Structure formats: structure tokens, C-alpha cells
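Welcome, and please open your viewer. We will go from the whole chain to a few side chains, one selection at a time.

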Amino acid sequence: SPIDARIFQLIMNAGSRPLINLRVKGNMVVHIQFNITAHGKDFSIKQCATSLDSLLRLGLIEIPFDGYYTDEKIYNHVKQNPLFKKLEQSHKNSLPPGETLDYEKSYIKLPDLSLLFYEVCVLNP
């Protein structure tokens, strides 16, 4: 979609590509998971998540399991994003007793196909 293309362009032009999975975690199960990209400021949370899913499915991005940046400062950009703050606060306000928020760090990796696709389809359509 056009939104996927715009988000893909933002991802390609970013120096770092941090993600934070925000989870509401209780005693037994994880209830909610959201992926927020700090570079998607012009898009809703749902648009970002949908686009990331589409780009993953197409093989244009990868999100490595258990992979993350070791420099905590990189994730501060995500944590300061107004969409992330809004989502975080709304979940903190509705937490049942005994549940906490869990922050799982991750990042977006670009496979070889992504550069070729970007050059052919985004830069020179």
C-alpha cells in the first residue's frame, strides 16, 4: 500500500531501527503486544503495525528473535515518541492488580532484497 511504501522508505533512511514490544504481562499469560517504530510519527499505531506485518511477510524487513541494540540510548527515541507514550499511559491506567508492563527490545534488520526493492520500486518506480 502507499502507507507501507512510506513506512518502508522511513525504515530504509533511518540510521537505526529500534522497536519496543510493549506487553501487558500478568501472572500467567501475555495479553497484548504492540510494535512501535519511532520513525512512524505521521502514522497511527495500527498503521505502523499493519505495515510492519506486510513488510515482514514480503521479506523486505526482518525482526530477529532475541536480537536488540545493546546501547540503551537508541531506544530512548522510541520511548519519547508521542504514540508510544500515549499507548504506555493508557495501559498503565488500566492494569489489573498484579500485572505489569514489560518492554521487550528489538530492531528491524534489512535483508539484501530490501535494498534492491527500494532502488527499483521506491526510488525509481
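**The whole chain**

Among contacts (heavy atoms within 4.5 Å) between residues at least 6 apart in sequence, 76% join residues at least 24 apart. This is a predicted model, where local features need pLDDT of at least 70, side-chain atom pairs count only at pLDDT 80 or more, and totals for chains, interfaces and linings use all residues. Residues are numbered from 1 along each chain as its sequence is written, and side-chain values use heavy atoms, with hydrogens and water left out.

Switch to a cartoon view and you will find five helices and three strands. Helices (H or I, at least four residues) and strands (E, at least two) are DSSP runs, numbered from the N terminus. Following the sequence, they come in the pattern α-β-β-α-α-α-β-α.

The protein exposes about 7,600 Å², of which carbon and sulfur atoms supply 55%; the area comes from the Shrake-Rupley method with a 1.4 Å probe, and for residues only the protein chains shown count as cover. Of its 125 residues, 37% are buried. Here buried means under 20% relative accessible area, exposed over 50%, and partly exposed in between (1.4 Å probe, protein chains only).

**Stop one: helix α5**

Select residues 112–123, which make up helix α5. Its 12 residues reach 16 Å from first C-alpha to last, close to the 16 Å expected at 1.5 Å a residue; the expected span is 1.5 Å times one less than the number of residues.

Which residues of α5 are buried? Show Ser114, Tyr118 and Val122 to see them. Looking down the axis of α5, the buried residues fall within an arc of 40°, so they line one face of the helix. That arc is taken from the directions from the helix axis to the C-beta atoms. An α-helix has 3.6 residues a turn, so residues three or four places apart point the same way.

On the other side of α5, pick Asp112 and Leu116, which are exposed. Back at the buried residues of α5, the cover includes α1.

**Stop two: aromatic rings**

A search of the whole structure finds four aromatic pairs. Rings of Phe, Tyr and Trp (its six-membered ring) pair if their centres lie within 6.5 Å; planes under 30 degrees apart count as stacked, over 60 as edge-to-face and the rest as tilted.

One of the pairs is Phe8 with Tyr118, edge-to-face at 6.0 Å centre to centre, with 70° between the planes. Phe8 sits in helix α1 (residues 2–13) and Tyr118 in α5, so the pair ties together parts that are 110 residues apart in sequence. Phe8 is buried at 1% relative accessibility, and Tyr118 is buried at 8%.

Next, select Tyr69 and Tyr107, a tilted pair at 5.3 Å centre to centre, with 45° between the planes.

**Stop three: Leu52 and the cysteines**

Pick Leu52 in helix α2 (residues 45–57). Is Leu52 buried or exposed? Leu52 is buried, with a relative accessible area of 1%. Leu52 and Phe8 are 44 residues apart in sequence and 8.5 Å apart in space, C-alpha to C-alpha.

Finally, highlight two cysteines. Cys48 is buried at 3% relative accessible area, while Cys121 is partly exposed at 38%. How many disulfides does the structure hold? It holds zero, a disulfide being a pair of cysteine sulfur atoms within 2.5 Å.
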